[in-house]
Structures are given as C-alpha cells and as structure tokens.
Amino acid sequence: MSTGTSTFVIRWINFLTMLLAVVVMGFGVWMSTHHDGCRKSLTLPVLGLGAVIFVVFIITNNGSGHKVAGLRYKEYQLQDYSSWFLKQLNNTHNWEHLRGCLVKSDDCNNLSKKYKTLKEYKVAKLTPIEAGCCRPPSECGYPAINASYYDLSFHPISSNKDCKLYKNSKAIKCYSCDSCKAGVAQYMKTEWRVVAIFNVVLFVVLSIIYFVGCCARRNAARNRSKV
C-alpha cells in the first residue's frame, strides 16, 4: 500500500470512528428520553462509552509514521503526535519510568538474536519501539555493523540531536531520543485503539444481554400480575 493510500485509509478510519462516537452519544441521549427503565438505565454507560471513544480517537488521531527509502518499516517523529502525548512523554518522571521498562524489556536486547546477519536486519520489519528506541534515526547515516551495533566513528550527516544521544550500550541505545518517545507514542496509540474497539464490541454484547434479560423479567412480572 502506498503512503498516499495508507494516509487516505487512516483518515477515513479516524473520521468513521469519531462519527461512531457521536452516534453512540446520540443514542444515549435518545435512550434518556424513554420512560422504559431498561433503556434509561443504560443512558449513562452509553454516553460514557461515546465520550471515551471520542477522547481516545482525538488523542490518537495524529502520527502515522514516515516511510524511509530502503526500509520496510516506518520511522516516527514526536512532533507528529497530539499535545497530550507530547506532555506525557516529555514529563521527566513519566519518561524515566518508561525508559527503565524499555531497558529491561526484550525489544532491543533480542534484536541480535532475531536477526543474526546484517542482511536479515536490513530487510526486517521493525516495530515502532524497535525502530525508534533500538537504533539511531536513518538520517544520522551511521553504518550498521549488525542488529545491535552501529559504527559511531562515522560523522553524522544530520543535525538531529538524536544522532548524538544514541550509543551502542544496552543501557543507553536511543532510549533518551525523541524518536524513541515517538515509537512509544505510536505503540500506545495502536494499543488504545484496539482496546477501544474491543470495549465497544464487548459493551454492545453486554448491553444486548442486559436489555433482553431486563425485558424478560418485566414481562414475567407482568404475567404474574395477571394471574
């Protein structure tokens, strides 16, 4: 899929999702106008769900990555993400905690085991965190020796501050880089969307079960009163 097509699809997904949020909230308002206890009891949960979807997709709307010639994966830039993400990831306390988790994780530590030759590494499809935290940005121009080591004696061709922050050490890598923060932002964005979609489906299923059960109890009570 080309970059233009991918961007077009993402924009339509975002638009349809935000439209879904509005529809869900509208449905909640409609339910609140009914005197039926079963429907009115679902008003607040439906409105809450719509509001959560709306907020999540506003926060995760921006940032889709940049294609780099010769690479199968994208690189991510921190400034492409929402101001909320920027505030959270640039918070020193927050990032130190996340950085500690990244250092202990297998995302970077296992790259040399996953890709044993330089050829395998160059054609790999890295995750956002692997692309942003485990290696220097491509614009730096550092030659790769293997999946976990770059020739830092090469003078970087870019003024990007991430080029100087990257080190081959397992405890340093590019964990202090903006590219790493962007990779984490992309990961969080993807995970939140999956969770949001799952919650919508789960809520719909549970609402149907609740509504059917509520109506069944009401009908049973009505039949008993006629006896």
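Mentor: The accessible surface of the chain is about 13500 Å², and carbon and sulfur atoms hold 64% of that; such areas come from the Shrake-Rupley method with a 1.4 Å probe, and for residues only the protein chains shown count as cover. This is a predicted model, in which local features need pLDDT of at least 70, side-chain atom pairs count only at pLDDT 80 or more, and totals for chains, interfaces and linings use all residues. Residues are numbered from 1 along each chain as its sequence is written, and side-chain values use heavy atoms, with hydrogens and water left out.

Trainee: What makes Cys-108 and Cys-134 a disulfide?

Mentor: A disulfide is a pair of cysteine sulfur atoms within 2.5 Å. The sulfur atoms of Cys-108 and Cys-134 are 1.9 Å apart, so the pair qualifies. Four disulfides are counted by this rule.

Trainee: Why is the disulfide of Cys-108 and Cys-134 called left-handed?

Mentor: Its S-S torsion is about -85°, and therefore the link of Cys-108 and Cys-134 is left-handed.

Trainee: Why is Cys-108 called buried?

Mentor: Buried means under 20% relative accessible area, exposed over 50%, and partly exposed in between (1.4 Å probe, protein chains only). Cys-108 has 3%, so it is buried. Cys-134, at 1%, is buried too.
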